[in-house]
Structures are given as C-alpha cells and as structure tokens.
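My entries follow in the order in which I looked things up.

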Amino acid sequence: MFRTFLPLALSVATASAQTFTDCNPLNSTCPDNPALGTTFAETYNKTFEEFDKRFWNITAGESLISFDDNGAELALRKKGDSVTLKSNFYIFGGVAEIIFRAAPGKGIISTMILLSDNLDEIDWEIKGGNTTSVSNNYYGWGNLSQFHSEYPEMANPNAMEDYHNYTIDWTKERIQFILNGNVVRTVGYQEPGIYPQSPSRIQFGIWCGGCSDQPGTVEWAGGAPDFGEA
Amino acid sequence: MEHRPFLMSVKSVRVTDGVTNSSIYTYGDHSGHWDSIQIEHGESEAYKEINKLSSAQKARKQWEGLSTGAKIGIACAILGALLIGAIAFAFYCIKQRKAGRIEKAQNDAEWEKQNQELMEYRTMMAKGNFAVSRQSVMLEVNGPKPDSQARFSRLSGRF
C-alpha cells in the first residue's frame with residue numbers, strides 16, 4: 001500500500017507527508033505517542049471473534065478477517081481489497097515478532113512493518129509469487145529513493161507453504177532482521193532520515209500490489225493476480 | 001466459479017518495547033534524532049489493558065482452551081460432588097427425623113405419665129386422703145365415663 005501511494009505522493013511533493021501520516025513531527029508539533037513499555041503477546045485461534053480493539057486499529061478489511069485453529073485469516077477476495085492492522089501502541093526500540101504464513105499468488109504482498117509518525121519504516125515483505133526468497137527493507141522519513149532491500153532465502157518450505165517467524169530487533173545501535181531464529185541481516189546506526197530512530201507502531205496485513213494502477217508497482221509485486229473474476 | 005480468496009494466516013504476534021515502564025513518547029524537537037525523543041515513565045494505557053486481560057479473560061480463555069474431555073470431566077466432578085452432598089444431607093435428614101420421632105414419643109410418654117400423676121394428686125387432695133392406695137385412686141380417676149372424671153376435677157376446687 002505504501003509502495004503504491006508514496007511514489008505518487010512524492011511526485012507531488014507538498015502532498016507527500018500528508019498522504020500517510022496524520023501529523024509529521026518533522027514539520028509540526030504532533031500528539032504524544034502512547035507507549036507499550038512492556039511485552040504484548042497474542043496467539044490466534046478460533047476462540048477469537050475479532051482483533052482486540054484496545055490494542056489494534058483495523059484500518060482496512062475488517063470484514064475480510066476470520067479466525068480458525070491455525071490463527072487469524074486475512075483474505076483478499078477481489079481487486080481493491082486490502083487488510084491492514086496497526087497497533088495503538090508505539091515502541092521505541094525493541095523486538096517485534098510475527099509468525100505467519102504468507103498468501104500465495106503473484107501480485108499479493110504479505111507484510112509486517114514498524115512505522116513511525118515521521119515515516120521511519122522497517123519492513124518484512126513477502127511476495128506471494130516468490131517461492132525462493134523473502135525481502136526486508138528500511139526507510140528514513142518515507143524516502144523511497146533509498147534502496148535498502150535484501151532478499152534472504154526462504155525455501156523448502158517457502159513462505160507460502162508454512163508458518164515462519166519474522167522478527168525485527170531494533171536498538172539505537174543496530175537493526176537485526178531475524179528469520180526463524182537466524183540473524184540474516186544487521187544494519188548499523190546512520191543519521192536521521194536514513195536510519196529509523198523514532199517511536200513506531202507495529203503494522204501487518206495483506207494487499208494487492210499487482211492490482212495497482214502504477215506499472216512499476218505491478219512489476220515489483222510480480223504481476224497482476226487472478227481473482228477468478230470474469 | 002469464484003476463485004478461492006488469497007489468505008495470509010497469522011499465528012501470533014509478540015512485541016517487546018525497547019523501553020520498560022514507559023507510558024508516553026514525544027518528539028522533543030524536529031530533528032528526527034533518536035536522542036530527541038522524550039520518554040515519560042509510568043504505566044502505559046497498553047500495560048493497563050494487558051493486565052486487565054490477565055485476570056478475567058484468561059480464566060475464560062483457559063476454560064475454552066480445555067479439551068472437551070477435560071470439560072466433561074470437570075462437569076462430572078462438580079455434579080458428583082453435589083450429588084454426594086445431596087445424599088449425605090438426605091441421610092442426615094432421615095436420621096434426624098427418626099431421632100426426632102423417638103424423642104417426641106419419649107416426650108409424649110413422659111407428658112402422659114406426668115399428666116396422670118397430676119390427676120392422681122388432685123384426686124387425692126380432693127379426698128384429703130393420702131393413705132389411699134394409688135390403684136383405687138386410678139380407678140376413680142379413670143372411671144368408665146368421662147363425666148365422672150370431670151365431676152371429681154370440679155369438686156377439687158382449687159384446680
């Protein structure tokens with residue numbers, strides 16, 4: 001979703017900050033960020049009826065969420081669908097871990113990110129059509145002209161065939177990207193605007209990159225998915 | 001034919017803040033620098049909500065997490081305990097009733113005996129004759145007709 005809109009936004013420079021964050025602290029004085037200050041943990045199964053709204057803001061696709069014995073199922077049924085959950089709390093440094101099985105299918109993107117009010121971002125992204133690797137990334141201040149993606153291997157089973165543990169361990173000194181307990185990447189501290197260093201929410205969900213109007217985004221996502229519609 | 005939906009299946013989320021016991025983060029300036037972030041300490045709203053969840057809902061979730069067999073076992077154990085309690089109470093009630101009946105019978109007999117002694121005494125008093133044998137008094141008191149008994153009682157005066 002961010003990829004779809006941010007390039008468009010940056011091309012219209014004045015709109016960039018406002019497209020996605022309610023208030024950019026680089027420009028103005030923004031509301032306080034409520035902290036987590038502890039550990040939050042949930043394991044999903046069919047005893048859940050919905051995500052707990054005290055902790056989660058469902059910004060898209062509430063009707064597309066269901067629960068079963070495996071966990072929470074986020075579904076894309078047609079072009080234009082997306083499901084996004086973002087935490088109400090912020091962390092400042094810390095460890096974020098989500099165990100999930102990515103949606104299969106080219107053009108479909110499953111994501112788990114840390115995102116701050118000034119658009120510092122740390123990502124795990126899985127493209128549904130990629131059966132051999134996943135990708136991680138980071139941005140300072142929403143600046144997409146930076147290219148910091150890496151593609152650690154994920155195969156046998158791949159990201160769509162089984163559940164995997166995607167973890168981000170973030171301190172002032174370094175960011176570690178950890179896959180199933182293995183540190184696959186370490187990024188050292190850099191200046192503000194490049195290295196994420198502001199309080200961030202955790203956000204996860206599924207969106208259709210291949211449904212974008214932007215050809216660059218569709219290509220990046222792996223092509224247009226087949227929803228089976230006539 | 002509708003295509004099956006594309007599903008992302010999320011098993012769990014676990015997040016630990018880098019700062020412990022923080023309640024609010026604020027930007028001290030517009031630099032965007034790590035060191036410009038101000039931390040207010042105390043119990044955060046999230047911390048309070050997490051600990052609310054711990055008491056009430058965890059018990060419910062624990063119950064729901066039990067297997068059906070376990071739930072049946074617990075229900076049976078509770079019913080069994082109640083049944084044993086009910087039977088024990090019933091036995092106690094029956095025993096007490098029986099003891100009560102015996103006690104009542106004893107009390108009735110005692111009352112009957114004392115009542116008869118009183119009647120004898122009244123008759124003897126009326127006759128002014130304590131030398132008279134008990135048996136003859138009894139004969140007079142328990143006469144063939146109830147009327148005669150009443151007549152003697154009235155004549156005794158004082159009673």
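Predicted model: local features only at pLDDT ≥ 70, side-chain atom pairs only at ≥ 80, totals over all residues.

**Entry 1, the sheet.** I looked up the sheet in chain A and found an open one of 6 strands in the order 3-6-14-8-9-10, with antiparallel pairing. Its edge strands are strand 3 (56-60) and strand 10 (135-139) of chain A, each of which pairs on one side only. Direction ignored, neighbouring strands of this sheet are turned by 15 degrees against each other on average, where axes are lines fitted to C-alpha atoms and angles run from 0 to 180 degrees between N-to-C directions. I note that strands are DSSP runs of E of at least two residues, numbered from the N terminus, and that two strands pair if DSSP finds at least two bridges between them.

Strand 3 of chain A is joined by 4 bridges to strand 6 (residues 82-87) of chain A, and the two run antiparallel.

Residues are numbered from 1 along each chain as its sequence is written, chains are lettered from A in the order in which they are written, and side-chain values use heavy atoms, with hydrogens and water left out.

The contact (heavy atoms within 4.5 Å) takes 74 residues from chain A and 44 residues from chain B. Between them the chains bury about 5200 Å², 59% of it on carbon and sulfur atoms; buried area is the accessible area (1.4 Å probe) that two parts lose on being put together, summed over both. A:R54, A:F92 and A:K172 supply 13% of the area that chain A buries against chain B, more than any other three residues.

I counted 2 salt bridges between the chains, a salt bridge being a side-chain nitrogen of Lys or Arg within 4 Å of a carboxyl oxygen of Asp or Glu. A:K172 forms a salt bridge with B:D35, with the closest N and O atoms 2.8 Å apart.

Is B:G32 buried or exposed? B:G32 counts as buried because its relative accessibility is 1%, with buried meaning under 20% relative accessible area (1.4 Å probe, protein chains only). B:G32 lies in the loop between strand 2 (22-27) and strand 3 (37-41) of chain B. Not counting residues up to four places away in sequence, B:G32 touches A:L26, A:N118, A:W141, A:P192 and A:Q197.

Conventions:
Buried < 20%, exposed > 50% of the residue type's maximum accessible area, 1.4 Å probe, protein only.
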